Amino acid sequence: MSAYRFDKLKILVVDDNVHMRKLVVTILQAFGVVHIFEAESGERAWAVLRESNPDVVVLDWMMEGLSGLDVVQMIRSDPQTPNPFVPVIMLTGHTSIDRVRQARDAGINEFIAKPVSVKIMMSRLMSVIENPRPFVRTKSYFGPCRRRRGNPEYRGPERRTEKTAIAAE
Amino acid sequence: MSRQQPIELFMPPNMLKAKVGGSFVGLDMAAINRAEAAMEELKSQFADWAQDDVRRLVAARDAFAAEPGSTTRAGLLRAAHDMKGQAATFNYPLIAQVAGSLSHLIHDLPETAELSLGLVDAHVNAIHVIYRDKVMDMSNKVALALSKELEARVAEALGG
């Protein structure tokens, strides 16, 4: 038995590919997650998100219409977002470091590169439960701190330019 | 300048942890084994995924051939990219490799540069053959050589 009550969680799975969506749902169900919502597009994801207010979002990147990046930016910054802090795990075929940075700069919490692996899915889920990142608000960004470790007590000037921020991470 | 930009860093309450309770006791191997078994079972039920994806890729290729432009090119990129992720997950690593090469070509080629239909077709045909012959591992030397050749042609097209 899991020490966690995954059955208490509500998770939204967003992927325009039905096979990939079913695969992720199947894995989550095997973990013990009961309340799973599905969306096949970014537009539908936004509607479901506002109706169901999930605890975690597993989000595909590349979709027609609203992309995963668009959705995560809406989650973080749209005035109608039900929860700007909801953890977002991005699941994508993109594997380059530039793409990981792009996703992180949009406000995701965790990144999973396909192929989908059960262990990685579990470890990312545990990471958002056990090691949530502090949130940061700057003039140009709102979302999880893009550094792995941040000082939650920090109040003060931004010490990095956009370029140095990327280089540092 | 940047040093003067205000920054606010704060830790929202961990509602997730409060909800699931419990404490970290390492990876739950029972849940992982259960999920892996369920995933394998599902994969066997999804024998048609590749057929669907090949069909979708061919349709995207046909749309691009009929009317080359940013919309049809984006559709082709989505189809190739999806196939890359799916094929890797559903045990077709060579299809993933070729689809990855195609998405690399489309993504990295400047919008203003012409996307070679011949090179697109070479990828689509290779994927067709790998799927038709059900090459599900990396040991097929001909398919591997074809994949490497396509990657080289893409590097050439991208000026690499």
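1. A polar contact here is a pair of N or O atoms within 3.5 Å; within protein, one atom must be able to donate a hydrogen and the other to accept it, and residues adjacent in sequence count only if both atoms are side-chain atoms. With that rule, chain A and chain B share 11 residue pairs in polar contact, both residues being at pLDDT 80 or more. Please keep in mind that this is a predicted model.

2. Which elements of chain A give two or more residues to the side that touches chain B? They are helix H1 (18–31), helix H5 (118–130), strand E6 (135–137) and strand E8 (155–157). Sorted by class, that side of chain A has 30 nonpolar, 14 polar and 17 charged residues.

3. The contact draws on 61 residues from chain A and 48 residues from chain B. Together the two chains bury about 4,900 Å², and carbon and sulfur atoms give 65% of that area.

4. Is Ala31(B) buried or exposed? Ala31(B) counts as buried, at 0% relative accessibility. Its contacts include Ala30(A), Phe31(A) and Met122(A).

5. Now for the charged pairs. Side chains of opposite charge can pair when their charged atoms come close. Over all chains the count is 20 salt bridges, and four salt bridges are found across the interface of chain A and chain B. One of these joins Arg78(B) to Glu64(A), at 3.6 Å from N to O.

6. Lys19(B) and Asp55(A) also meet through their side chains in a salt bridge, at 2.9 Å from N to O. Lys19(B) lies in helix H1 (residues 15–20) of chain B, while Asp55(A) is in the loop between H2 and strand E3 (56–60) of chain A, so this pair joins two chains. Lys19(B) is partly exposed, with a relative accessible area of 33%, whereas Asp55(A) counts as buried at 15%.

7. Within chain A, look at Lys22(A) and Glu38(A), a salt bridge whose closest N and O atoms are 3.4 Å apart. Lys22(A) belongs to helix H1 and Glu38(A) to strand E2, so the pair ties together parts that are 16 residues apart in sequence. Both ends are partly exposed: Lys22(A) has a relative accessible area of 33%, and Glu38(A) has 30%.

8. Chain B has a pair of its own in Asp52(B) and Arg55(B), whose side chains form a salt bridge at 3.7 Å, N to O. These two are separated by about one helical turn because they are three residues apart in helix H3 (residues 49–66) of chain B. Back in chain A, salt bridges that share partners join Asp15(A), Asp60(A) and Lys114(A) into one network.

9. Ser41(A) deserves a look too: this residue lies in the loop between strand E2 (35–39) and helix H2 (42–52) of chain A. Ser41(A) is buried, with a relative accessible area of 17%. Its side chain reaches the backbone nitrogen of Arg44(A) at 3.0 Å. Leaving aside residues up to four places away in sequence, Ser41(A) touches Val14(A) and Met63(A).

10. Finally, the overall picture of chain A: six helices and eight strands, in the order β-α-β-α-β-α-β-α-β-α-β-β-β-α. Of its 169 residues, 56% count as buried.

Terms used
Residues are numbered from 1 along each chain as its sequence is written. Chains are lettered from A and ligands numbered from 1 in the order in which they are written. This is a predicted model: local features need pLDDT of at least 70, side-chain atom pairs count only at pLDDT 80 or more; totals for chains, interfaces and linings use all residues. Side-chain values use heavy atoms; hydrogens and water are left out. Helices (H or I, at least four residues) and strands (E, at least two) are DSSP runs, numbered from the N terminus. Buried means under 20% relative accessible area, exposed over 50%, partly exposed in between (1.4 Å probe, protein chains only). Contact means heavy atoms within 4.5 Å. Buried area is the accessible area (1.4 Å probe) that two parts lose on being put together, summed over both. Ala, Val, Leu, Ile, Met, Phe, Trp, Tyr, Cys and Pro count as nonpolar, Asp, Glu, Lys and Arg as charged, and the others, Gly among them, as polar.
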